[in-house]
Amino acid sequence: MKKSKIGKTLPVPGMSQDDEVRLDEGTALASGSTLNLANHFLIAMPSMQDPIFGGTVVYICEHNDKGVLGVVINKPTDMTMEVLFERIDLKLADGLRTAVVNEPIMFGGPVQDDRGFVLHTPGARYSSSLTVTEDVAFTTSIDVLEAVANGDGPQRLLVSIGYAGWSPGQLEDEIGRNGWLTVAADAHVLFDLPIEERYNAAIKLLGIDPLMLASEAGHA
């Protein structure tokens, strides 16, 4: 997958406009490794006690020899879209759907958690955007939210503060130690389901009963 084109970032409070999003540095991937989890969900195993990633589903946007970049999709913050628009001085168009205005901003991960990131359905071209699939794009530039405020933005979107990043080989190691389940992503789970239903829905994509998985983890 091509490298993300990261340029002007969303100006959430405290954000530096000059820095670029970078995947963590680290050792190279193992020779011959072909694992590519772009457009997959990472599902934290029920046994994971990590205070940041426990109970999370992460959508992987990019996976290459520089590492992995993803966004947690089921950990809301107390900030709403309306609050975000107020803080970045964007005036909402008349008649903008209340459901969009009241949508919570996700905690996308611990990396650069003073920046905004947007997962959305592709359509219009934005200045700093990566098309992951025909159903999902990843944008860091403010023009996508300007379009939303004007009423002509993406039909489906998820806005996060921060992202999740892994050095080359790091995520593969965590998966090998049974920290994560992986499954091909479903845009319906990503954009449409209530936040509290996304974890179980992601597990069900594997054909697994979430209750059975939790039971097995409890007896590990």
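1. Strand 2 and strand 3 run antiparallel, joined by six bridges. The two strands form a hairpin, with two residues between them. Note that this is a predicted model.

2. Strand 2 also pairs with strand 1. That pairing is antiparallel too, over three bridges. Strand 2 spans residues 57-64, strand 1 covers 40-44 and strand 3 covers 67-72.

3. In strand 2, Tyr 59 is the bridge partner of Phe 41. In strand 3, the bridge partner of Tyr 59 is Val 71.

4. Is strand 2 mostly covered or uncovered? Mostly covered: eight of its eight residues are buried.

5. The largest nonpolar core has 33 residues. Phe 41, Tyr 59, Leu 119 and Leu 190 touch the most other members. So the bridge partners Phe 41 and Tyr 59 are both among these, where a core is a set of buried residues joined through side-chain atoms within 4.5 Å.

6. Which elements supply at least two residues of this core? Strands 1, 2 and 3 do, along with strand 6 (111-120), strand 9 (157-166) and strand 10 (180-184). Helix 5 (187-192) and helix 6 (198-204) do as well.

7. Leu 190 deserves a look.

Conventions. Residues numbered from 1 in each chain as written. Predicted model: local features only at pLDDT ≥ 70, side-chain atom pairs only at ≥ 80, totals over all residues. Heavy atoms only, no water. Buried < 20%, exposed > 50% of the residue type's maximum accessible area, 1.4 Å probe, protein only. Helix = DSSP H or I, 4+ residues; strand = E, 2+ residues; numbered from the N terminus. Pairing = 2+ DSSP bridges.
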